[in-house]
Amino acid sequence: MTILQIDQVTKQFGGLTALDAVSFAVEAGEIRGLIGPNGAGKSTMFKNIAGFYTPTSGDIRYQGESIVGRQPHSIAEQGIVRTFQETTLFQELTVFENVLVGCHKRARCNLFEAIFGLDRERQQAAADKVLEVLEFMGLVERRQQLAAELPLGSQRALAISIALASEPSLLLMDEPFAGMNPEETNHMMELTRKVRESGITIVLVEHDMKAVMGLCDYLTVLNFGQLLAEGTPDEVRNNDRVIEAYLGGGG
Amino acid sequence: MTRSSGVKRLFAVAMLAGLLILPHLLQFHHQDLLIFLTINVLVVTSYRLVTLTGEWSLIHAVMMGVGGYTATLLFKQFELGMWFTLPLAGIVAAAIAALLCFPLFRMTQFYFLIGSFAAGEAIRLCWIQFVDPFGGTGGLSGVEPPLIGEIDFLEPVPYYYLTLAVVGLCLYVLYRIENSRIGLILHSVHWKAPLAESVGVDTWRYRALAFIVGSFFVGVAGGLKVHYLGTITPNQFGVGFMVFILIWVIVGGYNRFYGPIIGVIVLTLFDESIRSLEELRPAIYGAVLIASILFLPNGLESLVARIRQLLGKGAAPADTSFTDK
């Protein structure tokens with residue numbers, strides 16, 4: 001079943017065409033890698049899907065429904081949640097509070113509920129959900145620590161925890177392995193697989209080829225804003241056009 | 001655990017008793033001042049709610065004026081008593097804030113600061129230009145406090161108790177809001193709006209909510225003030241007063257609920273204590289402000305945190321009010 005359909009998406013910034021009529025489809029339950037050399041348009045594609053940009057033309061359909069022109073928060077509510085390049089956390093809050101913010105869909109309350117404490121049950125359910133997510137991601141021991149005090153690997157895990165707390169069905173991960181040592185990378189790969197096994201579809205942008213090849217079921221390769229190739233990691237690895245793009249062909 | 005909560009309860013009872021006895025220890029002039037100080041506590045605390053999302057508006061003083069003028073006009077034209085004018089003062093201020101959200105929250109940071117200032121001045125100039133009904137530069141007068149049976153609230157002591165009750169209730173509600181889910185989301189919008197948005201938080205709505213609720217409470221404060229003072233003029237709510245609000249909040253500290261309250265109390269007491277210095281007063285006041293910002297960049301509230309640490313409790317400097325215990 002197709003969960004995300006990218007249909008002829010073009011994004012222009014003034015005279016610059018960052019994405020040029022790109023189409024691809026993501027199947028429910030897979031780990032999809034979106035790769036390509038620097039400036040290929042991977043992050044731009046992510047921002048278009050998550051609603052931070054609006055495509056100049058083309059359509060993006062999620063579970064059959066167009067999401068073009070929606071605000072980021074409403075797309076998140078639909079079930080598409082992104083993580084950010086570099087580590088974006090609420091540094092001043094504890095691990096627990098960080099994930100609690102993520103529970104927004106479940107825990108949201110209005111002013112009167114807040115003043116009169118009528119939402120206690122819902123907040124308790126949210127707190128339980130936070131512990132469940134932290135347990136799942138192996139962060140439960142650190143829940144009282146400030147986010148800023150965590151080592152890099154745990155910070156990334158926390159970023160994913162925040163996203164998971166919002167109960168997504170499609171998770172967009174923007175360079176989850178950047179700056180990690182091999183050990184941290186292996187741990188993060190395991191976590192990512194675990195997330196997928198819990199029934200969440202994953203699309204990730206990544207430069208770490210070892211991680212991408214080891215993790216993804218299927219790859220979509222962009223170059224200069226255009227779709228260059230698609231296929232399994234093995235197919236892509238042996239694709240002449242991909243090799244040319246990465247090694248700066250013609251040589 | 002029980003010992004610490006017992007100490008807290010004792011502290012609360014002592015503070016309440018102190019607040020109730022306080023006016024009887026003061027002279028008439030100081031009783032007046034005490035009422036205005038109590039009202040200003042509500043002004044800074046409601047302003048804190050607005051700043052929680054990271055947007056510092058310059059319209060808060062004018063919103064207090066909106067509440068004040070609303071109470072005045074309702075009292076004079078419709079002869080409504082204070083029990084009606086106070087909540088309506090808040091509601092009208094909140095309604096105007098709600099309208100202003102649409103242009104103002106298209107802006108952030110400096111642009112928001114300037115935009116909110118301009119919107120405030122526009123409102124204030126209306127009070128000056130439209131002599132009917134606002135009375136122009138001279139403003140309006142003849143507003144009276146309520147009379148319940150034998151108690152005449154024109155006297156400072158009864159009015160102080162009334163003010164204390166209203167402000168106390170408002171502070172309680174503001175405290176509840178800040179320590180609820182909504183408070184957590186307001187913090188998250190301040191620190192990383194895109195991250196909050198990525199998990200489904202409508203950041204626009206929360207910015208607007210903080211602004212509208214903050215305006216409601218400062219509107220109530222405006223109503224309280226005009227019912228005691230009896231007169232209202234546009235200049236009471238000009239840039240000068242707005243700057244004082246900013247100074248109280250910054251000197252007091254804005255990372256904790258009680259920071260701005262400490263700021264307004266300490267600075268008001270200090271200003272009063274150097275009254276005898278006459279011409280030197282503004283210079284000394286200014287010097288102390290600069291010194292306090294230089295040496296206590298996190299505000300007077302950081303002193304409280306340090307004292308608590310010295311006493312061997314409250315080891316965690318961070319506010320952990322949202323964390324599970």
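What distance separates the centres of domain 1 of chain B and domain 2 of chain B, taken over C-alpha atoms? In this predicted model, the two centres lie 22 Å apart. The domain assignment of chain B places domain 1 at residues 30-237 and domain 2 at residues 238-317.

Where these two domains meet, domain 1 of chain B contributes 19 residues and domain 2 of chain B contributes 15 residues to the contact. On the domain 1 side, the elements of chain B that supply two or more residues are the helices α2 (28-51), α3 (60-78) and α7 (156-178). The largest share of this side comes from α2(B), with ten residues. Sorted by class, the side of domain 1 of chain B that touches domain 2 of chain B holds ten nonpolar residues, along with six polar and three charged ones.

We can turn next to the contact between the two chains. Here chain A brings 32 residues and chain B brings 25 residues. Several elements of chain A give two or more residues to the side that touches chain B: the strand β6 (80-82) and the helices α2 (72-78), α3 (95-102), α4 (104-107), α5 (111-116), α6 (120-137) and α7 (152-165). Among these, α3(A) gives the most, namely five residues. The side of chain A that touches chain B is made up of 18 nonpolar, eight polar and six charged residues.

How values were computed
Residues numbered from 1 in each chain as written. Chains lettered and ligands numbered in written order. Predicted model: local features only at pLDDT ≥ 70, side-chain atom pairs only at ≥ 80, totals over all residues. Domains from an automatic or database assignment. Contact = placed C-beta atoms within 7 Å. Helix = DSSP H or I, 4+ residues; strand = E, 2+ residues; numbered from the N terminus. Nonpolar A, V, L, I, M, F, W, Y, C, P; charged D, E, K, R; others polar.
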